[in-house]
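Visitor: I have a model open and want to learn how to read its features. Where do we begin?

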Amino acid sequence: MLSALTLEEIIGLKLECSSRLTAGKMYGFNLWSNIVDITKEALYNAAISVSNTNKEATRILGINEQTFKTLKKKYKIREEYDIEVE
């Protein structure tokens with residue numbers, strides 16, 4: 001059933017569920033102004049989880065290796081997600 005939903009619908013459902021659980025406080029920060037970073041971090045994590053190498057992750061994301069390394073520092077990606085560069 002989940003596979004039939006669009007990405008926008010999945011995000012909307014997650015936000016709706018979170019809002020109900022937190023009485024509308026939505027994570028305690030201004031969601032609108034932070035949504036770009038939230039989305040980029042989610043995409044970065046998704047690319048890492050399906051990749052075997054940094055090169056493959058950068059290809060999936062459409063970014064260069066230096067941008068990839070910068071994002072890793074920015075989002076403080078945990079070391080267990082480290083993958084080797086081919």
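Visitor: How do the axes of helix α2 and helix α3 cross?

Guide: Axes are lines fitted to C-alpha atoms, for helices over the stretch in contact, and angles run from 0 to 180 degrees between N-to-C directions. Here helix α2 (residues 31-50) and helix α3 (residues 54-61) have axes that come within 9 Å and cross at roughly 135 degrees. That makes α2 oblique to α3. The classes are: under 35 degrees roughly parallel, over 145 roughly antiparallel, 65 to 115 roughly perpendicular, the rest oblique. Keep in mind that this is a predicted model: local features need pLDDT of at least 70, side-chain atom pairs count only at pLDDT 80 or more, and totals for chains, interfaces and linings use all residues. Residues are numbered from 1 along each chain as its sequence is written, and side-chain values use heavy atoms, with hydrogens and water left out.

Visitor: Is the crossing of α2 and α3 left-handed or right-handed?

Guide: A crossing is left-handed if the near helix is turned anticlockwise from the far one by less than a right angle, and right-handed if clockwise. The α2 and α3 crossing is right-handed.

Visitor: Which residues of α2 meet α3?

Guide: Contact means heavy atoms within 4.5 Å. From α2 come Leu-43, Tyr-44, Ala-47 and Val-50; from α3 come Glu-56, Ala-57, Ile-60 and Leu-61. By class, this contact has 7 nonpolar, no polar and 1 charged residues. Ala, Val, Leu, Ile, Met, Phe, Trp, Tyr, Cys and Pro count as nonpolar, Asp, Glu, Lys and Arg as charged, and the others, Gly among them, as polar.

Visitor: What is the helix rule behind such patterns?

Guide: An α-helix has 3.6 residues a turn, so residues three or four places apart point the same way.

Visitor: At what angle do α2 and α4 pack?

Guide: The angle of α2 with helix α4 (residues 65-74) is about 115 degrees, and their axes are 11 Å apart. That makes α2 roughly perpendicular to α4. Their crossing is left-handed. Asp-37, Tyr-44 and Ile-48 in α2 meet Phe-68, Leu-71, Lys-72 and Lys-74 in α4. This contact has 4 nonpolar, no polar and 3 charged residues.

Visitor: Which residues does Ile-60 touch?

Guide: Leave out residues up to four places away in sequence, and Ile-60 touches Ala-47, Val-50 and Ser-51. Ile-60 and Tyr-44 are 16 residues apart in sequence and 9.4 Å apart in space, C-alpha to C-alpha.

Visitor: Does Ile-60 count as buried, partly exposed or exposed?

Guide: Buried means under 20% relative accessible area, exposed over 50%, partly exposed in between (1.4 Å probe, protein chains only). Ile-60 has 40% relative accessibility, so it counts as partly exposed. Thr-58 is also found in helix α3. At 9%, Thr-58 counts as buried. Its contacts, not counting residues up to four places away in sequence, are Ile-63, Asn-64, Glu-65 and Phe-68. Lys-55 in helix α3 counts as exposed at 53%. Lys-55 and Glu-65 lie 7.1 Å apart in space, C-alpha to C-alpha, and 10 residues apart in sequence.

Visitor: How many helices and strands does the protein chain have?

Guide: Helices (H or I, at least four residues) and strands (E, at least two) are DSSP runs, numbered from the N terminus. The protein chain has 4 helices and 0 strands. Of its 86 residues, 19% count as buried.
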